[in-house]
Amino acid sequence: MLRLEEILSGLNPPQREAVTHVEGPLLIVAGPGSGKTRVVTRRLAHLVLSGVAPRNILAITFTNKAADELRRRVMELGVPRGAWVHTFHALGARLLGEFGPLVGVQPGFSIYDEADQLKLVKDALEQCSLSEASWPPNVALARISAAKNRLLDAAGFAAQANDAPNRTYARVFKEYEKLLQRANALDFDDLLLRPAQLLRDHPDVAAALNDRFRHVMVDEYQDTNHVQYVLARQLSQQHGNLCVTGDPDQSIYGWRGADIRNILDFEADFRAARVIRLEQNYRSSAAILEAADALIHHNRARKRKTLWTENPRGEPVNIWRFDTGFSEADRIAAAIVREAAQGRRWSDFAIMYRVNALSRTLEDALRNRGVPYRIARGVAFYGRKEVKDAVAYLRLLVNPADDAALLRVINTPTRGIGKTTIERLARLAPVLRLSLLDACRRASEFEELRPLAAKLAPFVRVMDDLARETSVPLATLVDRVIDQSGLAEALRKERDQDAQDEDRAANVAELVSAAARFAEEHPGAGLVEFLQRTSLIGDQDTIDPEAGAVQLLTLHAAKGLEFPWVFLVGVERGLLPHERALSDGKDGVEEERRLCFVGMTRAMQHLVISHARQRLFRGATQVQSPSQFLREIDAAAVVTSDYDGAGESAAERDSSDHRIQRSEADRRIQHSEKARGHGSGWRVETDPEHAETPSRLVARRSRPADQGGPSSAKRASEPNPTTPYADWKPGTLLEHPRFGVGALIRLEPVGNETRAVVKFAGTGEKSLIIERTSLTRLAAPRKPRAPRRDR
DNA sequence: GCGGGCCGCGTTTTT
DNA sequence: CGCGGCCCGC
């Protein structure tokens with residue numbers, strides 16, 4: 001059971017003060033590494049200890065990952081279940097599930113993602129007879145989104161549109177809303193806007209929810225936009241028990257509508273608000289903190305905050321200068337290999353950059369040196385085309401009015417239903433006041449559609465057959481949908497024919513596992529809940545700091561994470577601060593500075609900030625100059641090294657320099673070898689438990705083995721190449737064309753097939769159906785790992 | 001209806 | 001340089 005001493009143990013005075021604050025508005029300004037999550041979880045526990053029922057507590061986060069983490073940690077503290085812990089969007093969806101009809105939202109509504117939205121806007125433009133050339137759909141969409149963030153619906157936007165372009169956008173907005181409503185669909189912004197309207201227009205609901213949620217907590221408050229601010233306010237207006245946590249210095253989503261003033265003005269907005277500052281940093285060395293603090297002091301839009309730490313000073317922050325992005329990448333890869341040889345785990349390192357485009361060079365360098373890595377970007381699982389297709393079938397099943405879903409799948413896999421057919425359908429369905437699916441179904445009843453009926457019939461039959469089976473267990477249903485829609489077969493055929501490096505059939509099969517897992521974790525939940533969840537999952541949720549690999553990520557993706565070693569690359573004018581932000585004036589630059597601050601403060605022990613004098617960008621070499629931010633970092637905390645520049649000192653010309661030169665030659669060798677099918681790769685020692693420790697991860701090089709890598713480590717013994725998987729043991733080395741080499745963790749029977757759970761050092765853990773994927777036992781010599789995009 | 005090829009474009013992206 | 005969208009030809 002909960003005990004006060006336990007809840008307060010190990011807390012510093014301000015942390016303790018924050019945890020024990022119960023009544024009234026509270027702002028916790030939490031600097032980086034100040035134990036914020038700890039305070040939030042303990043505070044929630046303390047509320048319960050003081051007599052608040054868990055079900056009367058609402059905690060709002062920004063990512064699913066943060067919500068899951070908070071839920072888990074609160075439970076570990078011994079707090080009984082019952083508190084609502086959600087992202088803003090999931091909360092909105094849940095409230096609309098309950099009160100939706102009051103604001104015109106019907107049960108079973110679909111949530112449209114950006115692709116769906118874009119399609120809808122294009123349709124709306126067409127309806128308004130506007131050309132996409134003069135009225136770029138993404139601009140229109142941005143206006144609509146911005147309007148919704150300001151709590152304006154189509155009518156509200158029209159009312160305040162006082163110039164010609166905005167009046168046009170207002171027409172598009174109105175049409176867009178009409179299409180959404182016809183599909184019984186909501187976009188992401190609606191998940192916030194509608195609940196805000198609900199609470200505004202229905203005081204009884206507002207009162208009931210204030211009564212239900214006696215205590216409201218909002219995390220990452222610096223990143224709230226206007227609707228979120230309004231929603232937080234509405235939900236706590238009557239009791240005033242709103243506790244927000246955040247750090248204005250880490251507000252990095254202004255470009256997306258986040259309003260830093262929400263946190264800066266909290267005290268003015270919520271009278272008698274208590275403000276508690278968490279300023280002691282437990283994460284970073286004193287040198288790192290000092291450097292970051294010096295940088296952020298150049299911002300004007302801040303809240304007073306004095307960061308300090310009791311941590312040792314540590315090494316100075318390193319600034320590394322390079323001639324090219326290539327030598328930058330290779331030097332970093334080499335440094336990681338050298339550190340790894342000393343016993344650092346691969347997952348101790350992160351490489352951060354402002355734009356995704358910078359990741360390629362780094363990937364190449366890491367691959368060349370046999371370093372396993374993971375990228376936070378990339379098409380996340382639910383973003384993959386084939387998965388979205390499968391999900392669209394499910395959406396259509398739940399919401400037959402979901403026209404966007406229908407358009408996605410009506411000819412996927414191909415059924416000979418093409419542009420003309422679809423156009424005719426789309427033109428007539430609204431006239432007949434039918435959803436597209438109903439129009440398909442009843443095509444033979446209408447003269448204009450009758451010629452199409454024969455072609456449409458098989459598709460309609462698929463949907464009708466599936467609709468009759470929705471009572472089977474979730475995973476079974478998902479499996480049937482994939483199977484009976486013909487998706488499974490089409491993807492299998494595709495795989496067998498053109499042996500591409502991505503196993504899309506395995507990806508949709510994985511959706512079945514995801515459904516099974518969901519059903520297990522959420523007993524009683526059905527397809528509707530599963531879909532709601534999948535619609536709200538983002539890339540962020542795929543970052544796994546524990547994976548046995550170096551993590552590559554954008555600065556935006558880095559927030560909330562920490563790593564013993566951080567490399568911040570490409571810190572050059574035009575890149576960080578980014579040129580597009582420079583044109584936004586001072587506010588733009590301040591946000592870029594905060595971004596840099598976020599990156600720096602992810603580092604625990606070692607921080608390397610690098611820049612190159614020239615960089616290959618968009619096929620052309622660009623001359624780059626160092627970022628102004630480098631000058632703003634306290635010189636006393638920094639050591640600068642010029643790696644291949646002309647003006648370097650003799651002291652700088654150490655062995656690492658030679659390493660670079662040699663590695664340049666190596667790269668060329670590797671390049672030609674790759675072309676001949678002997679590319680580099682890595683292999684995993686046979687103990688998956690320790691797959692991430694460098695001593696077990698053996699870089700396999702085609703060049704001589706004295707390259708400074710962990711080459712002294714034991715080599716994996718060559719596995720027997722031709723044994724059926726029945727005798728595959730944990731630790732067996734397997735190869736997958738997409739994920740590379742991994743170690744088997746376990747086998748599980750799935751019907752009459754077998755699932756292999758495999759830990760890939762690059763990608764992390766995956767479960768794959770052996771029969772349906774080309775998972776092979778590693779044979780020597782290994783084939784080149786399918787290159788992601790080598791030339 | 002579908003695939004090949006060409007053209008244009010290219011921050012960041014919690015949901 | 002690489003991707004995605006779009007157009008055109010089969």
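Guide: Let us begin with a pair of helices: helix 18 (residues 385-398) packs against helix 25 (residues 504-521) at an angle of about 40°, with the axes 8 Å apart. Helices here are DSSP runs of H or I with at least four residues, and strands are runs of E with at least two, numbered from the N terminus. The model is predicted, with local features needing pLDDT of at least 70 and side-chain atom pairs pLDDT 80 or more, while totals for chains, interfaces and linings use all residues, and side-chain values rest on heavy atoms without hydrogens or water. Residues are numbered from 1 along each chain as written, and chains are lettered from A and ligands numbered from 1 in the order written.

Visitor: How are helix 18 and helix 25 oriented to each other?

Guide: The angle is about 40°, and the two helices are therefore oblique to each other. Angles come from lines fitted to C-alpha atoms over the stretch in contact and run from 0 to 180 degrees between N-to-C directions. Under 35 degrees is roughly parallel, over 145 roughly antiparallel, 65 to 115 roughly perpendicular, and the rest oblique.

Visitor: And which residues make that contact?

Guide: Helix 18 brings K385, E386, V387, A390, V391 and L394, and helix 25 brings R504, N507, V508 and L511. A contact means heavy atoms within 4.5 Å. By class, six of these residues are nonpolar, one is polar and three are charged. Nonpolar covers Ala, Val, Leu, Ile, Met, Phe, Trp, Tyr, Cys and Pro, charged covers Asp, Glu, Lys and Arg, and polar takes the others, Gly among them.

Visitor: At what angle do helix 18 and helix 23 cross?

Guide: The axes of helix 18 and helix 23 (residues 474-484) come within 10 Å and cross at roughly 110°. These two helices are therefore roughly perpendicular to each other. A390, Y393, L394 and L397 of helix 18 meet L477, V478, V481 and I482 of helix 23. That contact consists of eight nonpolar residues, with no polar and no charged ones.

Visitor: Changing topic: how do helix 10 and helix 12 pack?

Guide: Helix 10 (residues 190-201) and helix 12 (residues 226-236) pack at an angle of about 35°, their axes being 9 Å apart. Helix 10 contributes L192, L193, P195, A196, L199 and R200, and helix 12 contributes V227, Q228, L231, Q234 and L235. This contact has eight nonpolar, two polar and one charged residue.

Visitor: What does the side chain of R344 touch?

Guide: R344 is in the loop between helix 16 (325-341) and strand 12 (349-353). The side chain of R344 makes a polar contact of 3.4 Å with the side chain of D348, and one of 2.5 Å joins it to the side chain of Q605. A polar contact is a pair of N or O atoms within 3.5 Å; within protein, one must be able to donate a hydrogen and the other to accept it, and sequence neighbours count only if both atoms are side-chain atoms.

Visitor: How many residues surround DNA strand B?

Guide: There are 32, and the closest are R256, R354, G418, K419 and T554. A residue counts as near if one of its heavy atoms lies within 4 Å. Of the atoms of DNA strand B that come within 4 Å of the protein, sugar and phosphate account for 53%.
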